[in-house]
Amino acid sequence: MKNIKMPKANIICNPDTGDIFFVNKIIKIKQFNKKNGEYKYEILTVDGVYSVIYSSEGQIENLFRQLKY
């Protein structure tokens, strides 16, 4: 039996909401100070769209994951 390697994607995953952003589509991430117990992140993607996420995680590096699909 042959092992098949599953492709992987680098993502940012917000554990508070389950939102997923594919890293290869991201141009810029801006973090704002903590307010009401959450940090605000603005994410600019290659299609010129800004997305805003709120997370209790203060280090953006801790939101990076690899997703097998």
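A strand in these views is a DSSP run of E, at least two residues long, and strands are numbered from the N terminus. The model shown is predicted.

**View 1. Strand β4 carries E42 and T45.**
E42 lies in strand β4. Leaving aside neighbours within four places in sequence, E42 is in contact with K28, I29, K30, F32, Y50, S51 and V52. E42 and Y54 are 12 residues apart in sequence. In space, C-alpha to C-alpha, E42 and Y54 are 9.0 Å apart. T45 has a relative accessible area of 13%, so T45 is buried. With residues up to four places away in sequence not counted, T45 touches K25, I26 and I27.

**View 2. Strands β3, β4 and β5 make an open sheet.**
The sheet has 3 strands in the order β3-β4-β5, and the pairing is antiparallel. β3 (26–31) and β5 (50–55) are the edge strands, and each pairs on one side only. From one strand to the next, the twist averages 20°. In general, strands of a sheet pair through backbone hydrogen bonds, either parallel or antiparallel.

How many residues lie between β4 and β5 in the hairpin? There are 4 residues between these strands. G48 sits in the turn. The phi of G48 is positive, about 80°.

**View 3. Strands β2, β1 and β6 make another open sheet.**
This sheet holds 3 strands in the order β2-β1-β6, with antiparallel pairing. Its edge strands are β2 and β6 (64–68), each pairing on one side only. Neighbouring strands are turned by 45° against each other on average, direction ignored. β1 and β2 pair in the antiparallel sense over 3 bridges. C13 stands opposite I20 in β2.

**View 4. N14 is buried in a loop.**
N14 has its place in the loop between β1 (8–13) and β2 (20–22). Is N14 buried or exposed? N14 is buried, because its relative accessible area is 1% and the cut-off for buried is under 20%. Not counting residues up to four places away in sequence, N14 touches D19, I53, Y54 and S55. Of these contacts, I53, Y54 and S55 fall within β5 (50–55).

**View 5. The largest nonpolar core has 9 residues.**
Its members are I12, F21, I26, Y39, Y41, I43, I53, I60 and L63. Which strand gives the largest share of this core? It is β4, with 3 residues. Look next at I43, a member of the core. Leaving aside neighbours within four places in sequence, I43 is in contact with F21, I26, K28, I29, V49, Y50, S51 and I53.

**View 6. G58 is a buried loop residue.**
G58 lies in the loop between β5 and β6. Its relative accessibility is 18%, so G58 counts as buried. Which residues does G58 touch, not counting residues up to four places away in sequence? They are Q31, Y39 and Y41. Y39 and Y41 are also among the residues of the largest nonpolar core. G58 and K34 are 24 residues apart in sequence. Their C-alpha atoms are 7.8 Å apart in space.

N36 is found in the loop between β3 and β4. Why does N36 count as exposed? Its relative accessibility is 78%, and the cut-off for exposed is over 50%. Most residues other than glycine have a negative phi. The phi of N36 is positive, near 55°, and N36 is not a glycine.

**View 7. K40 lies over the face of F32.**
How far is K40 from the ring centre of F32? The distance is 4.9 Å. F32 is also one of the residues in contact with E42. As for aromatic pairs, the structure holds 0.

Methods: Residues numbered from 1 in each chain as written. Predicted model: local features only at pLDDT ≥ 70, side-chain atom pairs only at ≥ 80, totals over all residues. Heavy atoms only, no water. Buried < 20%, exposed > 50% of the residue type's maximum accessible area, 1.4 Å probe, protein only. Contact = heavy atoms within 4.5 Å. Pairing = 2+ DSSP bridges. Axes fitted to C-alpha atoms, helices over the stretch in contact; angles between N-to-C directions. Phe/Tyr/Trp six-rings, centres within 6.5 Å; stacked < 30°, edge-to-face > 60°. Lys NZ or Arg CZ within 6 Å of the ring centre and 35° of its normal. Core = buried A, V, L, I, M, F, W, Y, C linked by side-chain atoms within 4.5 Å.
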